[in-house]
Structure formats: C-alpha cells, structure tokens
Amino acid sequence: LTYRARLIPEDFDWEGDQPLNLPIEDLVVYEAHVRGFTASPTSGVTFPGTFAGLRQKIPYLKELGINCLELLPVFQFDELDNTRTNPATGDRLYN
C-alpha cells in the first residue's frame with residue numbers, strides 16, 4: 001500500500017491533549033459546514049459563520065450526545081457557484 005499523504009502527529013505540539021480513545025462503534029458523528037452551521041441569527045452566537053461561532057456551539061452539540069464533529073469544508077469556496085433554483089420558489093440555491 002502506497003500512501004500519498006500521511007499525518008505525523010509527532011510534528012504537532014498537542015499541549016498535553018490526549019486521544020479520547022472512543023471505540024468507533026460509540027461515535028456519534030455530526031457533519032457541519034463551518035459557515036452554515038452558525039450563519040443564522042437564530043444560532044445565538046457572537047460571531048456567526050465563523051470558527052469562533054462554531055466553537056460556541058460545542059456545549060450544545062455535547063448536550064445532544066455528539067462526540068465527533070466533522071467539518072465540511074474547512075476552506076474558502078464560492079457558495080454561489082450553483083445554477084440550480086428551488087423548484088417551489090424559484091430562489092437561487094446556495095452550495
């Protein structure tokens with residue numbers, strides 16, 4: 001097996017953090033977009049649509065029993081790069 005990339009955890013200062021060592025069958029995974037998860041004013045965060053806003057929601061996610069957060073995507077992209085519209089309203093859809 002040839003790897004195209006690999007993580008080398010020894011190269012990062014984990015500042016005393018330790019792996020949770022949760023068995024994979026016990027993971028409760030939640031997938032979220034960094035911006036979209038807190039962009040709405042109803043999210044109640046100080047910095048909507050940012051990593052800081054997402055961080056404010058961690059207690060809420062833990063309260064729901066979520067123990068694994070997968071962020072999609074974590075890089076800048078053009079959310080308007082989409083030609084589709086909502087068939088019911090005709091509004092432009094965001095990616």
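The charged end of Lys57 lies over the ring of Tyr60, 4.9 Å from the ring centre; a charge is said to sit over a ring when NZ of Lys or CZ of Arg is within 6 Å of the ring centre and within 35 degrees of the ring normal. This contact belongs to a predicted model, in which local features need pLDDT of at least 70 and side-chain atom pairs count only at pLDDT 80 or more, while totals for chains, interfaces and linings use all residues. Residues are numbered from 1 along each chain as its sequence is written, and side-chain values use heavy atoms, with hydrogens and water left out.

Tyr30 is partly exposed at a relative accessible area of 31%, whereas Phe37 counts as buried at 19%. Here buried means under 20% relative accessible area, exposed over 50%, and partly exposed in between (1.4 Å probe, protein chains only).

Next come the pockets. Rolling a probe the size of a water molecule over the atoms shows where empty space is left. On a 1 Å grid over the protein atoms alone, a pocket is an open set of points where a 1.4 Å probe fits, with protein on both sides within 12 Å along at least five of seven lines, and lining residues have an atom within 4 Å of a point. Grid points are joined across faces, edges and corners, and a volume is the space filled by probe spheres set on the points.

The largest pocket has a volume of about 280 Å³. Its lining includes Leu20, Phe51, Arg55, Lys62 and Cys68. Two or more lining residues come from each of α2 (51–56), α3 (58–63) and β2 (68–71); helices (H or I, at least four residues) and strands (E, at least two) are DSSP runs, numbered from the N terminus. By class, this lining has 9 nonpolar, 1 polar and 2 charged residues, where Ala, Val, Leu, Ile, Met, Phe, Trp, Tyr, Cys and Pro count as nonpolar, Asp, Glu, Lys and Arg as charged, and the others, Gly among them, as polar.

The second largest pocket has a volume of about 220 Å³. Of its 12 lining residues, Val34, Arg35, Gly36, Pro73 and Phe77 lie nearest its centre. Helix α1 (residues 34–38) gives the most to this lining, with 3 residues. The lining of the second largest pocket divides into 6 nonpolar, 4 polar and 2 charged residues.

The backbone deserves a look too. Most residues other than glycine have a negative phi. Glu15, by contrast, has a positive phi near 50°, and Asn21 has a positive phi near 55°. Glu15 lies in the segment before β1 (29–32), and Asn21 is placed in the segment before β1 as well. Glu15 is exposed at 69% relative accessible area, and Asn21 is exposed at 67%.

As for the overall fold, the chain has 3 helices and 2 strands, running β-α-α-α-β from the N terminus on. Of its 95 residues, 13% count as buried.
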